[in-house]
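Dear colleague,

Please find the structure below, handed over for your own work. My notes on what was found in it follow directly after.

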Amino acid sequence: MKKVICKKEYDTEIATLIRKHTVGEFGDPAGYEESLYQTPAGLYFLYVCGGEASPYPGEDILRLAKAKVNDWLENH
(Lines give C-alpha, C1' and ligand atoms only; values in the text may rest on other atoms or scores of the structure.)
Protein backbone atom coordinates (compact mmCIF):
# COMPACT_ATOMS: atom_id res chain seq x y z
CA MET A 1 0.00 0.00 0.00
CA LYS A 2 1.14 3.52 -0.74
CA LYS A 3 -0.01 6.81 0.82
CA VAL A 4 1.21 10.42 0.71
CA ILE A 5 1.01 12.26 4.03
CA CYS A 6 2.26 15.85 4.33
CA LYS A 7 4.03 15.55 0.95
CA LYS A 8 5.97 12.45 2.05
CA GLU A 9 5.35 9.05 0.50
CA TYR A 10 4.90 5.97 2.68
CA ASP A 11 5.04 2.70 0.72
CA THR A 12 4.97 -0.81 2.17
CA GLU A 13 6.63 -2.15 -1.00
CA ILE A 14 9.92 -0.25 -0.50
CA ALA A 15 9.96 0.23 3.27
CA THR A 16 11.50 -2.24 5.72
CA LEU A 17 9.12 -4.23 7.93
CA ILE A 18 10.32 -4.06 11.53
CA ARG A 19 7.56 -5.89 13.42
CA LYS A 20 3.99 -7.08 12.94
CA HIS A 21 1.42 -7.31 15.72
CA THR A 22 -1.82 -9.28 15.24
CA VAL A 23 -4.90 -9.26 17.46
CA GLY A 24 -7.56 -11.93 16.90
CA GLU A 25 -7.76 -14.40 14.05
CA PHE A 26 -8.50 -14.07 10.36
CA GLY A 27 -12.17 -13.30 9.84
CA ASP A 28 -12.65 -11.90 13.37
CA PRO A 29 -14.60 -8.61 12.96
CA ALA A 30 -12.75 -7.16 15.98
CA GLY A 31 -9.33 -8.46 14.87
CA TYR A 32 -6.61 -6.29 13.38
CA GLU A 33 -2.95 -6.10 12.38
CA GLU A 34 -0.42 -3.34 12.96
CA SER A 35 2.84 -3.52 11.00
CA LEU A 36 5.68 -1.14 11.82
CA TYR A 37 7.78 -0.04 8.84
CA GLN A 38 10.77 2.25 8.29
CA THR A 39 11.19 4.12 5.01
CA PRO A 40 14.56 4.40 3.23
CA ALA A 41 14.60 8.04 4.47
CA GLY A 42 14.33 6.85 8.10
CA LEU A 43 10.67 7.73 8.71
CA TYR A 44 8.39 5.33 10.56
CA PHE A 45 4.81 4.36 9.87
CA LEU A 46 2.20 1.79 10.78
CA TYR A 47 0.31 -0.15 8.16
CA VAL A 48 -2.99 -1.06 9.83
CA CYS A 49 -5.76 -3.35 8.66
CA GLY A 50 -8.72 -4.75 10.55
CA GLY A 51 -12.24 -6.02 10.68
CA GLU A 52 -15.33 -3.86 10.78
CA ALA A 53 -15.51 -3.87 14.62
CA SER A 54 -11.77 -3.22 15.13
CA PRO A 55 -9.97 0.06 15.82
CA TYR A 56 -8.88 -0.04 12.15
CA PRO A 57 -11.87 -0.93 9.94
CA GLY A 58 -10.21 -1.35 6.57
CA GLU A 59 -6.59 -0.58 5.74
CA ASP A 60 -4.58 2.60 6.23
CA ILE A 61 -1.10 4.00 6.77
CA LEU A 62 -0.43 6.11 9.88
CA ARG A 63 2.71 8.15 10.49
CA LEU A 64 4.61 7.33 13.68
CA ALA A 65 7.04 9.80 15.25
CA LYS A 66 10.49 8.46 16.16
CA ALA A 67 9.74 9.30 19.79
CA LYS A 68 6.77 6.88 19.71
CA VAL A 69 8.56 3.95 18.02
CA ASN A 70 10.16 2.56 21.19
CA ASP A 71 6.84 2.80 23.06
CA TRP A 72 5.10 0.90 20.28
CA LEU A 73 7.84 -1.77 20.22
CA GLU A 74 7.73 -2.22 24.00
CA ASN A 75 3.95 -2.67 23.98
CA HIS A 76 3.70 -4.99 20.97
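This is a predicted model: local features need pLDDT of at least 70, side-chain atom pairs count only at pLDDT 80 or more; totals for chains, interfaces and linings use all residues.

Residues are numbered from 1 along each chain as its sequence is written, and side-chain values use heavy atoms, with hydrogens and water left out.

K3 and D60 form a salt bridge whose closest N and O atoms are 2.6 Å apart, the term standing for a side-chain nitrogen of Lys or Arg within 4 Å of a carboxyl oxygen of Asp or Glu. Because K3 lies in strand β1 (residues 2-5) and D60 in strand β6, this pair ties together parts that are 57 residues apart in sequence; strands here are DSSP runs of E with at least two residues, numbered from the N terminus. The count by this rule comes to two salt bridges, and E33 with K20 is one of them, with 3.8 Å between the closest N and O atoms. That pair links E33 in strand β4 to K20 in strand β3, 13 residues apart, and both ends are partly exposed, E33 at 27% relative accessibility and K20 with a relative accessible area of 46%.

As for the sheet, four strands form an open one in the order β3-β4-β5-β6, with antiparallel pairing, two strands being paired if DSSP finds at least two bridges between them. β3 (16-23) and β6 (58-64) stand at the edges with a single partner strand each, so one side of each is left without a neighbour in the sheet. Neighbouring strands of this sheet are turned by 20 degrees against each other on average, direction ignored, where axes are lines fitted to C-alpha atoms and angles run from 0 to 180 degrees between N-to-C directions. Strand β5 (residues 44-50) is joined to β6 by six bridges, and F45 stands opposite R63 in β6.

The rings of Y10 and F45 have their centres 5.5 Å apart and their planes at 75 degrees, so the pair is edge-to-face, and both residues are buried. Ring pairs link Y10, Y37 and F45 into a cluster. Y32 and Y56 form an edge-to-face pair as well, at 5.4 Å centre to centre and 75 degrees between the planes, and both of these residues are buried.

T39, in the loop between β4 and β5, is buried with a relative accessible area of 9%. Leaving aside neighbours within four places in sequence, T39 is in contact (heavy atoms within 4.5 Å) with E9, Y10, A15 and F45.

Finally, a search of the whole structure finds zero disulfides, meaning pairs of cysteine sulfur atoms within 2.5 Å. C6 counts as exposed at 55% relative accessibility, while C49 is partly exposed, with a relative accessible area of 30%.

How values were computed:
Rings of Phe, Tyr and Trp (its six-membered ring) pair if their centres lie within 6.5 Å; planes under 30 degrees apart count as stacked, over 60 as edge-to-face and the rest as tilted. Buried means under 20% relative accessible area, exposed over 50%, partly exposed in between (1.4 Å probe, protein chains only).
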